[in-house]
Amino acid sequence: MNRVARRVCDGLVSRATSSSNSFGANSLVPLPLTTATSIGRRTLFLSFQRPDLQADPSIANTLSDARTMATAASLKAGSSDSKQSNPGGPQTRLPNTDVFSRKLQSARVFVLNRPKALNSLTLQMVYQMLPQLQVWETADLCKVIVLTSGEGSNGVLRWRDDAQEGPEGFVNALKFFEEEYRLNHLIGTLTKPFVAIMNGITMGGGVGLSVHAPFRVATENTVFAMPETAIGLFPDVGGSFFLPRLDGELGTYLGITGKQLKGEEVFFAGIGTHYIPSARLPMLMNRLAELETSEIEAVNMVLEEFVAETSISKWRNWSLGGKVLEAIQKYYATTEVSKWAGATLETMKTMSPTSMKVTLEQLRRGRKKNFAECFQQEFSPYFIGGVAHKLINKSKEPPTWSISWEEMSKLTPEVIDALYFSNEVPGESGYTPHRLELGRAWSYFDYPHRPLSGLPTELDVYRAVQGRARKLGSAEPKTKQEVLEFFLLNWGGYDASMMGPYNLRPRITIEGGFGRGKVGLVEKVTTILESRCDEQQGKLSWTGPLPYDPAPTV
């Protein structure tokens with residue numbers, strides 16, 4: 001296998017990010033939200049040395065033109081995308097910048113402002129957001145930080161024509177990743193509440209700006225996916241951390257197949273922490289702006305005021321729930337899910353076999369690593385091809401990968417490790433490998449805010465059934481009702497000691513919630529108990545696959 005033929009020797013990345021709020025440029029009152037936009041469609045334009053995916057000259061020129069969208073030298077201060085229009089309402093003009101910050105009483109708001117480019121993230125935008133976040137984190141007048149976007153996105157991708165080729169383009173692309181990951185890590189370790197409103201497409205770079213936040217608002221317009229394996233890449237922006245921490249193998253399934261989740265499904269999967277209809281977002285923004293405290297519990301209480309009610313039937317029957325989720329857990333399909341299994345197999349056959357193998361290994365390693373280590377793992381100079389075929393040609397036919405589906409056995413763990421988890425790089429790239437240095441040393445093994453803003457996972461319920469959910473342990477419950485009551489009394493706490501530079505605990509404990517109510521708590525715990533636990537003669541037993549436990553004896 002030709003290593004250099006499987007690696008990118010020059011390239012660039014432009015990532016898309018967004019959510020869909022709109023704020024008037026001269027007003028402190030949010031305008032009505034009538035248009036959903038993108039929080040995160042990422043577009044990666046890379047030039048590959050791949051004999052099986054050689055583009056024709058016109059495509060090669062297009063790739064070359066796009067290659068330096070993420071470099072500081074190629075970025076211009078203004079953007080024609082900043083002019084917004086709302087066909088259904090008054091005209092709104094936003095500042096002439098790709099991302100701008102807004103004071104809204106005690107709230108500080110980032111507004112992504114490139115709707116015609118699907119709010120694709122550029123290096124200049126990262127450079128604007130990083131220092132501003134650092135200032136807001138320590139500002140007494142700032143109580144909460146919100147990420148949203150200007151409305152009016154028409155979904156048209158645009159490419160710049162100020163390109164750089166060769167080794168310099170490769171190095172600049174890696175620089176974009178480096179700075180983007182620092183921003184993602186900062187968002188995940190902020191000491192001030194951060195609310196990401198995902199009122200639209202949330203993919204790629206937008207995932208990095210939202211999924212590590214303590215509060216992630218999904219609406220009926222939300223579309224979430226990590227579709228990297230379809231274009232020969234792997235889930236990054238911290239994907240190797242958050243995907244393995246979803247229920248069972250759900251994150252593995254989403255990472256390998258690129259499955260889209262829509263609306264409430266984003267909440268059911270644990271990616272969104274709150275499901276709020278978009279019509280309520282202006283009222284939510286007004287309430288957040290009125291906060292006089294930066295206590296994370298206070299922000300959570302405000303969000304809970306606006307969430308939509310749910311039902312047990314929705315939790316039992318969502319697209320990846322019930323029998324489908326059981327099949328994902330057990331790696332086989334039953335009669336009830338044969339249609340889903342067949343569709344999944346056909347989807348996987350269109351993905352890059354190498355990408356799927358790399359993704360699986362990345363997620364297996366990620367569940368054992370802390371937050372910072374996952375970004376360092378993902379900071380790799382190796383990318384796999386297929387971008388031109390999917391994003392430039394717009395082809396609906398599957399690309400021809402250098403290692404086909406039938407040849408996947410060639411991709412042994414040793415091959416994957418040597419090619420994609422080593423420090424060796426193509427000599428002609430001019431790139432010297434270095435360790436990703438993040439802006440701060442803080443990290444954690446599990447999101448410390450998850451018991452407050454999120455819902456329990458299978459691992460949480462499993463530990464509660466075993467009597468190991470608290471620091472000092474407790475008696476094993478004898479009935480499902482006892483388990484449910486335990487969560488109703490204890491879920492909702494926040495343990496800041498989970499985050500720090502040293503002596504990180506491998507898992508959260510469930511206590512200190514003092515019975516704080518959360519919409520979806522009863523339904524989520526109930527559906528897990530129904531599918532995973534058997535109650536007979538005053539004894540509970542776990543009947544499903546055992547969830548991965550980073551600290552099985554603690």
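Predicted model: local features only at pLDDT ≥ 70, side-chain atom pairs only at ≥ 80, totals over all residues.

I started with E4 and strand E5 (residues 107-112): six bridges join them, and they run antiparallel.

Helix H2 (residues 123-138) does, touching E4, E5, strand E7 (144-149) and strand E8 (194-198). I get about 175 degrees between the direction of H2 and that of E5. Helix H9 (residues 296-306) packs on the sheet too, with E7, E8, strand E10 (215-218) and E13 as the strands it touches. The direction of H9 makes about 10 degrees with that of E10.

Then I traced the whole sheet. It is open and mixed, with six strands in the order E4-E5-E7-E8-E10-E13. Strand E4 (99-104) and strand E13 (274-275) are at the edges; each has a single partner strand, so one side of each has no neighbour in the sheet.

On to the cysteines. How many disulfides does the structure hold? I found zero. I looked up Cys142 and Cys374 anyway: Cys142 is buried at 0% relative accessibility, and Cys374 is buried with a relative accessible area of 0%.

Last, backbone angles. Most residues other than glycine have a negative phi. Gln105, in the loop between E4 and E5, has a positive phi near 55 degrees. Gln537 also has a positive phi, about 50 degrees. I located Gln537 in the loop between strand E14 (533-536) and strand E15 (539-542). Is Gln537 buried or exposed? I have it as exposed, because its relative accessible area is 84%.

Methods
Residues numbered from 1 in each chain as written. Heavy atoms only, no water. Pairing = 2+ DSSP bridges. Helix = DSSP H or I, 4+ residues; strand = E, 2+ residues; numbered from the N terminus. Contact = heavy atoms within 4.5 Å. Axes fitted to C-alpha atoms, helices over the stretch in contact; angles between N-to-C directions. Disulfide = S-S within 2.5 Å. Buried < 20%, exposed > 50% of the residue type's maximum accessible area, 1.4 Å probe, protein only.
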